[in-house]
Amino acid sequence: AGQEFGGWSLNIHHSYDPQARTLYLGDGRQRNANIPGPVVDLLVEQNPCYSDPDGVLEGLPLGETCFRDIFDIDTGLDGNLYMILNACIVRIEPDMTVTRIGGLPEVSQPAICNGDFSGTLPLEGVASETIIGPKDIAAGPDGSVYFTDGNRIGRIRPDGMLEHIAGTGASGANFDTGVATEIDLNGHNHNDIAVGPDGSVYQSQYGSAGFLAIRRIDTNGELTIYYKPGGTGCTAGGFCATQNSRLLDLTVGPDGRLYFRDDEAQVWAVETDGALTPIGGFGPCDWSDPSRIGDCGDGGPAIDAQFYSIKGNLDVDRDGSLLLWDIRTVRRITPDGIVTRAAGEQRIDWSGEGQDIDGRPAAQIGFDTEWGAVMPDGTLLLSGGWKSIYGISPMMPGFTNDEVSIPSENGSALYV
């Protein structure tokens with residue numbers, strides 16, 4: 001008798017000790033977290049046939065494509081990857097097949113596009129038949145791909161046509177507003193554009209301290225100043241518009257929150273009402289011992305942590321977490337503001353040159369990262385010196401890379 005109470009039935013209660021990585025079962029037994037975490041998967045390495053007159057850029061899986069370098073990458077809501085590859089803009093399907101969608105190949109080296117970075121050639125016509133000079137890309141919610149071209153922003157529409165979105169081609173730091181194609185832009189060309197869920201484009205203006213700003217181009221082509229620091233001082237949120245500050249690595253979450261980082265590896269968010277919120281990287285950390293594994297705040301509030309050197313992109317995961325590619329590691333800031341290490345070993349003296357990291361546990365690798373991105377299924381992507389792409393997938397579908405999984409003894413149950 002007494003097997004039920006208030007509609008609830010009794011069952012065994014379990015608890016988990018994260019320090020000992022031990023699951024304590026309600027019947028007194030214990031289980032250890034002996035399933036290794038996610039492992040590194042080498043997806044593609046540089047293929048030197050890019051210089052061959054018969055080199056192939058598209059129509060094959062990425063691993064068989066001739067390429068020299070990977071300059072930037074973004075993931076679309078359609079599950080495709082979009083990448084600047086050999087000065088071309090390409091789309092990579094889930095089966096890793098490459099399709100060129102922007103840029104015109106050279107005649108003598110068809111695996112390389114004719115990159116013109118002057119910002120003077122017309123941004124019109126069929127994108128795959130037009131010479132462009134892309135430095136940064138961002139995938140839009142409707143399947144469009146936006147890119148910087150000199151001091152301009154272009155758009156490759158879903159139908160493959162090219163459209164001029166913003167900038168005259170001339171360089172100019174200003175706070176002008178109005179028709180976006182009639183206003184001079186001044187960007188640092190890499191990691192300085194992002195697209196919001198409503199299709200608005202955000203661009204980081206790089207200039208002297210008095211002209212730092214983030215611009216917004218709406219879907220009607222109107223440019224406004226979305227955020228700017230308060231002159232040469234500090235805003236109420238704490239961001240100081242110093243001569244050396246830059247607003248880098250823009251990314252927009254599904255809720256419209258705009259993230260960026262500054263030159264001090266501090267991460268900020270511009271809320272939809274324009275308010276500035278500090279997110280992470282403001283705490284102390286002792287980097288004097290180069291052999292230490294520095295958690296630098298992992299497991300605690302991100303605002304009290306420190307990031308050593310953010311490289312590449314910021315990105316937002318499917319659960320709303322912010323991912324950043326720190327030196328040797330991938331750090332995750334959860335929606336409740338806690339920072340964890342999603343992958344990598346944070347040894348600042350680590351050198352992976354000449355080491356085979358394919359198939360090794362992701363938590364034991366120090367990555368030499370140039371950029372990173374997160375796929376819709378939660379797979380983390382990162383580069384190795386622009387020459388290769390690594391993937392870190394969740395252990396099982398539906399789980400995230402920072403969850404701990406422990407099996408029952410007979411394998412019939414998995415505790416998460």
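**Note on an all-strand model**

1. Start with strand β30, residues 380–383. Leu380 and Leu382 point one way from this strand, while Leu381 and Ser383 point the other way. All of them are buried. Keep in mind throughout that this is a predicted model.

2. Which strands pair with β30? One is β29, residues 372–374, joined to β30 by three bridges. The other is β31, residues 388–392, joined to β30 by four bridges. β29 and β30 run antiparallel, and so do β30 and β31. Strands of a sheet pair through backbone hydrogen bonds, either parallel or antiparallel.

3. Glycine 372 stands opposite leucine 382. In β31, the bridge partner of leucine 382 is tyrosine 390. The hairpin of β29 and β30 has five residues between its strands. In that hairpin, glycine 378 takes a positive phi near 95 degrees.

4. Which residues touch the most other members of the largest nonpolar core? They are Leu62, Met83, Leu85 and Ile389. This core has 23 residues. The elements that give two or more residues to it are β7 (70–75), β8 (81–85) and β9 (88–92). There is also a second, separate core, of 15 residues. Ala305, Leu322, Leu324 and Val339 are among its members.

5. In β27, its bridge partner is isoleucine 333. Five bridges join β26 (residues 322–326) to β27 (residues 329–333), and the two strands run antiparallel.

6. β26 and β27 belong to an open sheet of four strands, in the order β25-β26-β27-β28. The pairing is antiparallel. Why is one side of β25 and of β28 left without a neighbour in the sheet? β25 and β28 (339–344) stand at the edges, each with a single partner strand, so one side of each has no neighbour there. The twist averages 25 degrees from one strand to the next.

7. Now the aromatic rings. The structure holds three aromatic pairs. In one of them, the ring centres of tryptophan 268 and phenylalanine 282 are 5.0 Å apart. Their planes stand at 90 degrees, so the pair is edge-to-face. Tryptophan 268 lies in strand β23 (residues 267–270), and phenylalanine 282 in the loop between β24 (276–280) and β25 (314–316), so the pair ties together parts that are 14 residues apart in sequence.

8. Are the two residues of this pair buried or partly exposed? Tryptophan 268 is buried, with a relative accessible area of 2%. Phenylalanine 282 is partly exposed, at 30%.

9. A ring elsewhere meets a charge. The charged end of lysine 228 sits over the ring of phenylalanine 175. It is 4.2 Å from the ring centre.

10. Last, the totals. The secondary structure comes to 33 strands and zero helices. Of the 416 residues in the protein, 49% are buried. Among contacts between residues at least 6 apart in sequence, 46% join residues at least 24 apart.

Note on methods:
Residues are numbered from 1 along each chain as its sequence is written. This is a predicted model: local features need pLDDT of at least 70, side-chain atom pairs count only at pLDDT 80 or more; totals for chains, interfaces and linings use all residues. Side-chain values use heavy atoms; hydrogens and water are left out. Rings of Phe, Tyr and Trp (its six-membered ring) pair if their centres lie within 6.5 Å; planes under 30 degrees apart count as stacked, over 60 as edge-to-face and the rest as tilted. Buried means under 20% relative accessible area, exposed over 50%, partly exposed in between (1.4 Å probe, protein chains only). A charge sits over a ring if NZ of Lys or CZ of Arg is within 6 Å of the ring centre and within 35 degrees of the ring normal. A nonpolar core is a set of buried Ala, Val, Leu, Ile, Met, Phe, Trp, Tyr and Cys residues joined through side-chain atoms within 4.5 Å. Two strands pair if DSSP finds at least two bridges between them. Axes are lines fitted to C-alpha atoms, for helices over the stretch in contact, and angles run from 0 to 180 degrees between N-to-C directions. Contact means heavy atoms within 4.5 Å.
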